[in-house]
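Take a moment with the model before reading on.

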Amino acid sequence: MKRKWIDKKVLILGLSKSGVSAAKYLSQKGADCYITEAKPLQDKDIELVKELENEGIRVETGSHSEDFINDSYIAITSPGIPPKSEIFTRLKEKNIPIIGEVELAYLEAQAPFVAITGTNGKTTTTFLTSHILNSEYKAPVCGNIGVPPTSLLETNPDYYICEVSSFQLETAPTFRPQIACFLTFTPDHIDWHGGLENYWKAKTSLFKDYKQPMYAVFSGADEKIYEFSKTYTGEKFIYAKELENNCCYIKNDTIYFKRNKEEEIIKLNEITLVGEHNYQNVMCAIVVAKLIGISNENIKEQIKSFKPVEHRIEYVADVEGKSFYNDSKATNPEASFVAIKAFEGKKLTLIAGGRDKNTDLTEFCKDYINKYVSTVILIGEATQRFKENMEANGFTNIILSNSMEEAIDTSLTLENEIVLLSPACASYDMFNSYEHRGEVFKDYVKSKIQ
């Protein structure tokens, strides 16, 4: 239910895209909005701050002042600010409620949410689900993909197809989507959450008894999630595993959906996405589409016309007989697993490395590098640890490079047929973001086309 915001003082934590969107929405609803950003004002934000101030939104940078905090009705936080931060402590001491931007959008929205979470696979599944639903409804993507759901509130969608991160779920106490999907779970964001168990609790909070969605959709391919699904008491659907009912699965190279009867949806050779993990993403999207009532014909045609999401095993170009793929979104080893395995049977050059997340590399080296990769080219801060772990697990065909451009040049001298950028690391040692890293990779590869 929408709140009355006129003359309410609202504190926005962080000059992020979600924070700015929340401030603009609430300001239009009559709230007095104060954005407080701990970092000093950046050159890139000067024009944005001027625009906000012209709209009557007050902005401070470089600190969180008492003047901004005091007497706030509520605080809207950006997902990057951890709950143990000093600003959270100060707000709690003053009994100021803290919610995230996704929670705000949910409270204000007049249409249902489809929430998609998991360590990996979220973005592709979110875009594909939206693409299928858009054949019959207005169902834009939003959430943890750079589109704040509050920016869509005035556009009157039929559904919000929302990618939700563990960060966002930490500050969404009443968020209750109509359909909630749980795709994968592997160690990530451990420092932010203060431990793996807390990360798991954040993800599974989407399915708590008091917040149970109308339908829950769980992966049958992820053992931990599948076991969790057995404890879930609401109506649920399992994909990537054939069960007696309420499931989506692969049989005879064809995807089927079963809810009281078995229905053929699409053959695997009609799907443009690469790899087993993407077949799982497709199955999840099919379940959502079937629950909402999309026709089988439209589901099939939309899957066939779907193009891979940028930076997720994205085909770039063929250069000198080698096919280049950009998987810059793979910021942890587990994300790289699926990309590497997608090229099983091919001679593969892997470009990896970046800012190390210090996750265990044993499985990455032993079960993926050793089995599926011909040559590894390492870049970035993680180079030495990755090299040592690969060598300790018996893989020695390693080349060190000083830059992305040098790595690409080196890959062109090798005999391998596939060159895959799947870093298994964050990007912030050499690039502004994983998107920036992927763009540099793509631009330089394309510059090599004769």
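Phe-207 and Phe-218 are both buried, where buried means under 20% relative accessible area, exposed over 50% and partly exposed in between (1.4 Å probe, protein chains only). This is a predicted model: local features need pLDDT of at least 70, side-chain atom pairs count only at pLDDT 80 or more, and totals for chains, interfaces and linings use all residues. Residues are numbered from 1 along each chain as its sequence is written, and side-chain values use heavy atoms, with hydrogens and water left out.

Phe-218 has a ring partner in Phe-207 and another in Tyr-232. Rings of Phe, Tyr and Trp (its six-membered ring) pair if their centres lie within 6.5 Å; planes under 30 degrees apart count as stacked, over 60 as edge-to-face and the rest as tilted.

| Pair | Centre to centre | Angle between planes | Type |
|---|---|---|---|
| Phe-207 and Phe-218 | 4.9 Å | 45° | tilted |
| Phe-218 and Tyr-232 | 5.5 Å | 70° | edge-to-face |

Phe-218 lies in strand E10 and Tyr-232 in the loop between helix H10 (223-229) and strand E11 (236-239), so their pair ties together parts that are 14 residues apart in sequence. Helices (H or I, at least four residues) and strands (E, at least two) are DSSP runs, numbered from the N terminus. Tyr-232 is buried too, like Phe-218. One aromatic cluster takes in Phe-182, Phe-185, Trp-200, Phe-207, Phe-218, Phe-228 and Tyr-232.

Now for the strand residue. Thr-36 sits in strand E2 (residues 32-37) and is buried, at a relative accessible area of 0%. Its C-alpha is 7.2 Å from that of Leu-15, 21 residues apart along the chain.
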